[in-house]
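Let's take a walk through a protein chain together. Have the sequence and the 3D view ready, and turn the view around as you read.

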Amino acid sequence: MSVKTLSMYDANNATLMINHIHIYGFQSGSNMVQASWDNDRVTVEVDSQGTPVPSKSNKDSMTLTVNLNQQSSSNKVFMDLAASNKPVPVDYRNNTEHWWGSEAYVTKPADTSDGDTASARAWTVKVLHGNFEALEDGY
């Protein structure tokens, strides 16, 4: 078996656009953005005799968690969206994946704290109809 070399990861290739605005100023040492599906794509029920029945879920919402440094000017974008309850498009990609949705909402203002150093602001974005695709570059 031959050993394959994977492509190099570069955080600078990860980009997040909210309402067509480039988001930057992420918190150091944490996930910049995390995308999580709200529901399984397929569920399986198994009867008492062991017969499985797979069911496709048409629930396609997802949640993005965006971790910004409190000094990031991108916090204002999220604060304004949280105050407006306005639906906006979201687009997140890196070398290997692309996640997007045309209707997303900032669910609430991020929790705040202050201390010896600048802290994180974790913003939650609910994407109503999430989409995803694998990108060829990284695979």
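Predicted model: local features only at pLDDT ≥ 70, side-chain atom pairs only at ≥ 80, totals over all residues.

We'll begin with the overall layout, then move on to charges, salt bridges and a couple of loop residues.

Residues are numbered from 1 along each chain as its sequence is written, and side-chain values use heavy atoms, with hydrogens and water left out.

So, what is the chain built from? You'll find one helix and 10 strands; helices (H or I, at least four residues) and strands (E, at least two) are DSSP runs, numbered from the N terminus. Reading from the N terminus, the order is β-β-β-β-β-β-α-β-β-β-β.

Now zoom out. The C-alpha trace spans about 60 × 45 × 30 Å along its principal axes. The chain has a radius of gyration of 18 Å, whereas a compact globule of 139 residues would be near 14 Å. That radius is taken over C-alpha atoms, and the globule rule is 2.2 Å times the number of residues to the power 0.38. Of the 139 residues, 30% are buried. Here, buried means under 20% relative accessible area, exposed means over 50%, and partly exposed is in between (1.4 Å probe, protein chains only).

What about contacts, meaning heavy atoms within 4.5 Å? Take the contacts between residues at least 6 apart in sequence: 66% of them join residues at least 24 apart.

On to charges. The chain carries 10 positive and 16 negative side chains, and the centres of the two sets lie 4 Å apart. Lys and Arg count as positive and Asp and Glu as negative, with His and the chain ends not counted. Each charge is placed at NZ of Lys, CZ of Arg, CG of Asp or CD of Glu.

How many salt bridges are there in the whole structure? A search finds three, where a salt bridge is a side-chain nitrogen of Lys or Arg within 4 Å of a carboxyl oxygen of Asp or Glu.

Look at K126 and D38, whose side chains meet in a salt bridge at 3.1 Å, N to O. K126 sits in strand β9 (residues 120-127) and D38 in the loop between β3 (33-37) and β4 (42-46), so this pair ties together parts that are 88 residues apart in sequence. Both ends are partly exposed: K126 has a relative accessible area of 28%, and D38 has 30%.

K76 and D80 form another salt bridge, with their closest N and O atoms 2.8 Å apart. These two are four residues apart in helix α1, so about one helical turn separates them. D80 is partly exposed at 42%.

The side chains of D91 and R93 also meet in a salt bridge, at 3.4 Å, N to O. D91 is partly exposed, with 22% relative accessible area, and so is R93, with 31%.

Finally, have a look at two loop residues. H20 is in the loop between β1 (15-18) and β2 (21-22), and its phi is near 65°, a positive value in a residue other than glycine. Is H20 buried or exposed? Its relative accessibility is 65%, so H20 counts as exposed. N85 lies in the loop between α1 (74-84) and β7 (88-93). N85 isn't a glycine, yet it has a positive phi of about 55°. With a relative accessible area of 57%, N85 is exposed.

Key:
Contact = heavy atoms within 4.5 Å.
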